[in-house]
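The entries follow in the order I made them.

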Amino acid sequence: MNEKKKLPAGLHRDTLAVRTALPPSQWGENSEALYLTSGFVQPDAETSARRFANPQEGYTYGRTSNPTVTSFEQRLAAMEGTEAAIGTATGMAAILLLGMGLLKAGDHVVCSRSVFGSTMNLFAKEFGKFAVESTFVSQTDMKEWKAAMRPNTKLLFAETPTNPLTDVCDIRALSELAHSAGAMLAVDNCFCTPALQRPTELGADFVIHSGTKYLDGQGRVMAGAICGSAKYINDVFAPIVRTAGMTLSPFNAWVVLKGLETLGIRMQAQCANAMAVAQFLQQHPAVTRVYYPGLESHPQHALAMKQQSGLGGAVVSFDVRGKDPVELRKNAFTVIDSAEVMSIATNLGDTKTIISHSATTSHGRLTEEQRQAAGIGQGLIRLAVGLEHVDDIKADLQRGLGKL
């Protein structure tokens with residue numbers, strides 16, 4: 001590989017998002033190379049033995065490491081302000097890896113009850129099979145978090161803002177609670193990304209990402225990551241990835257690596273669109289409530305502005321009017337089915353605006369009791385606002401809202 005100039009200290013996130021990567025190959029490519037190979041040829045048996053014993057010294061096999069994946073990991077860690085990061089096949093694989101690395105039978109987890117439905121199922125059902133108990137608490141009530149703590153509590157887990165109600169937790173307060181009890185805090189930073197929020201600066205130990213969302217930004221591939229200290233990334237999580245195989249593919253890593261280059265400007269533009277849409281919905285007679293941290297009416301508005309660089313994010317959720325669950329669902333479906341511009345899908349973070357019904361999609365596998373506890377009603381619609389002209393997004397919403 002060619003020698004690469006060392007980047008100076010103190011660079012801004014937008015610069016790190018473009019410049020952080022491994023040095024180029026002997027060909028001097030300006031865009032990071034995509035290494036599509038399952039294995040790497042070794043110069044001799046001694047080097048091969050050394051690299052297999054210590055993967056940090058070089059590349060041996062695709063399940064262990066890959067230069068393209070390394071570039072993605074280095075770039076994301078630089079943007080999050082952590083020592084290291086490790087890529088995974090999906091965001092849920094990152095949470096699975098987190099649990100496999102930190103938890104054992106008899107341990108206890110305290111988790112927000114407002115997290116993504118699959119996250120709740122992973123902690124409650126799958127980890128529960130291995131005698132790891134989880135307690136789910138209010139995202140915003142510190143008294144519940146404190147009351148749930150036990151001597152065997154090893155991990156606190158939160159996403160902020162939450163999916164889909166955009167509840168915001170106090171990261172610093174949760175980190176202080178975790179550390180005072182000898183536990184660790186992991187924060188899912190999917191909605192804000194490091195463009196808006198860096199949880200480790202507020203005391204979090206680990207940052208979880210679904211690269212499938214805003215990090216890629218165009219809905220192309222699946223990816224995930226954990227950001228944290230080099231000790232945990234290299235000594236705890238990396239051996240599990242090598243053994244269990246929840247490896248991030250080089251192609252997906254390359255796509256997200258390039259997506260990171262435009263993350264900052266995309267997030268700025270999508271946040272601006274989301275704010276305009278939220279204000280439009282707040283004034284609409286067919287809408288009973290809007291959930292968006294950028295609005296002053298949001299219960300955690302001040303905290304969100306402090307943690308999220310003064311921006312509300314790009315996800316807006318809202319309740320349509322209706323007298324009972326049956327009518328609420330019917331009205332929500334009317335709005336969704338009337339869309340001619342927006343996509344009816346369940347992902348988020350795309351340049352295309354996505355509209356979805358949370359109670360039957362992202363939270364559809366939860367029991368009705370769990371949905372009610374999480375505040376997911378039949379009249380709730382989630383918008384992941386994209387980069388279309390904001391007037392066209394509002395007009396598309398009006399097509400359905402005007403029928404109610």
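Which residues does Ser317 touch, not counting residues up to four places away in sequence? I found Pro164, Arg289, Val290, Tyr291, Leu380, Ile381 and Arg382; contact means heavy atoms within 4.5 Å.

Before going on, I noted that this is a predicted model, where local features need pLDDT of at least 70, side-chain atom pairs count only at pLDDT 80 or more, and totals for chains, interfaces and linings use all residues. Residues are numbered from 1 along each chain as its sequence is written, and side-chain values use heavy atoms, with hydrogens and water left out.

**Entry: Ser317 and its sheet**

I placed Ser317 in strand S9. Strands (E, at least two residues) and helices (H or I, at least four) are DSSP runs, numbered from the N terminus. Ser317 is buried, with a relative accessible area of 0%; buried means under 20%, exposed over 50%, and partly exposed in between, with a 1.4 Å probe and protein chains only.

I then looked up the sheet. It is open, has five strands in the order S8-S9-S12-S11-S10, and its pairing is mixed. Two strands pair if DSSP finds at least two bridges between them. The edge strands, S8 (287-291) and S10 (343-344), each pair on one side only. S8 and S9 (residues 315-320) are antiparallel, with four bridges. Ser317 of S9 is the bridge partner of Tyr291.

Helix H13 (residues 325-337) touches S9, S10, S11 (354-356) and S12 (380-384), and its direction makes about 130 degrees with that of S9. Helix H15 (residues 390-401) touches S8, S9, S11 and S12, and its direction makes about 15 degrees with that of S9. Axes are lines fitted to C-alpha atoms, for helices over the stretch in contact, and angles run from 0 to 180 degrees between N-to-C directions.

**Entry: H4 and H9**

I looked up the axes of H4 (residues 91-102) and H9 (residues 230-244), which come within 10 Å and cross at roughly 115 degrees. That makes H4 roughly perpendicular to H9, a term for angles of 65 to 115 degrees. The contact includes Leu97 and Leu98 of H4, and Tyr232 and Val236 of H9. Its residues divide into ten nonpolar, one polar and no charged. Ala, Val, Leu, Ile, Met, Phe, Trp, Tyr, Cys and Pro count as nonpolar, Asp, Glu, Lys and Arg as charged, and the others, Gly among them, as polar.

**Entry: H3 and H10**

The axes of H3 (residues 67-80) and H10 (residues 250-260) come within 8 Å and cross at roughly 35 degrees. Among the residues that meet are Phe72 in H3 and Trp254 in H10.

Conventions:
Angles under 35 degrees count as roughly parallel, over 145 as roughly antiparallel, 65 to 115 as roughly perpendicular and the rest as oblique.
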